[in-house]
Amino acid sequence: KVHNDVQFHWTSIAAANSIHFYHRAVCSHRKYDASVRGQLTANKSAARMNVFYAISLTQRALARQGTFDMGERKGYAFVKWLKFSRDVLNWASQRIPNELEPEYKKKWKHML
């Protein structure tokens with residue numbers, strides 16, 4: 001599924017009390033294996049439209065967590081979220097089928 005990790009990454013980081021960096025791996029992300037399946041990043045199909053669902057679900061989850069509240073440094077989180085959303089929507093726009101471009105543009109305007 002495309003964009004299935006956006007909510008997990010953002011809500012996990014936003015919920016953390018602190019984040020530590022180490023010089024050795026403590027967990028790893030599964031890497032792409034062409035012999036098993038096609039690379040999701042290269043997917044150029046109608047499935048790419050799921051980016052809007054992923055962004056809206058994540059934004060609601062972050063708001064529910066209080067991530068965007070205006071306490072200490074919280075306004076910063078919203079600014080970074082907007083930048084990420086714009087960047088990922090721009091990236092995904094290059095990976096949708098041509099026939100879906102008008103719908104994509106309409107949804108983009110509605111979302112941001």
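What share of the contacts in the protein chain with a separation of 6 or more is accounted for by residues 24 or more positions apart? The share is 70%, where a contact means heavy atoms within 4.5 Å.

**View 1. Overall fold of the predicted chain.** This is a predicted model, in which local features need pLDDT of at least 70 and side-chain atom pairs count only at pLDDT 80 or more, whereas totals for chains, interfaces and linings use all residues. Residues are numbered from 1 along each chain as its sequence is written, and side-chain values use heavy atoms, with hydrogens and water left out. The protein chain has four helices and zero strands, in the order α-α-α-α along the sequence; helices (H or I, at least four residues) and strands (E, at least two) are DSSP runs numbered from the N terminus. Of its 112 residues, 24% count as buried, a term that stands for under 20% relative accessible area, with exposed meaning over 50% and partly exposed the range in between (1.4 Å probe, protein chains only).

**View 2. The largest nonpolar core.** Such a core is a set of buried Ala, Val, Leu, Ile, Met, Phe, Trp, Tyr and Cys residues joined through side-chain atoms within 4.5 Å. Of the 14 residues in the largest one, Met 49, Val 51, Phe 52, Trp 81 and Tyr 104 touch the most other members. The elements that give two or more residues to this core are helix H2 (50–65) and helix H3 (74–93).

**View 3. Trp 10 against Trp 81.** Six aromatic pairs are counted under the rule that rings of Phe, Tyr and Trp (its six-membered ring) pair if their centres lie within 6.5 Å, with planes under 30 degrees apart taken as stacked, over 60 as edge-to-face and the rest as tilted. The ring centres of Trp 10 and Trp 81 are 4.9 Å apart and their planes stand at 85°, so the pair is edge-to-face. Because Trp 10 lies in helix H1 (residues 6–15) and Trp 81 in helix H3, the pair ties together parts that are 71 residues apart in sequence. Trp 10 is partly exposed at 22% relative accessibility, while Trp 81 is buried at 0%.

**View 4. Tyr 104 and Trp 108 in helix H4.** The rings of Tyr 104 and Trp 108 are also edge-to-face, with centres 6.0 Å apart and planes at 85°. These two residues are four apart in helix H4 (residues 101–111), and are therefore separated by about one helical turn. Tyr 104 counts as buried at 2% relative accessibility, whereas Trp 108, at 25%, is partly exposed.
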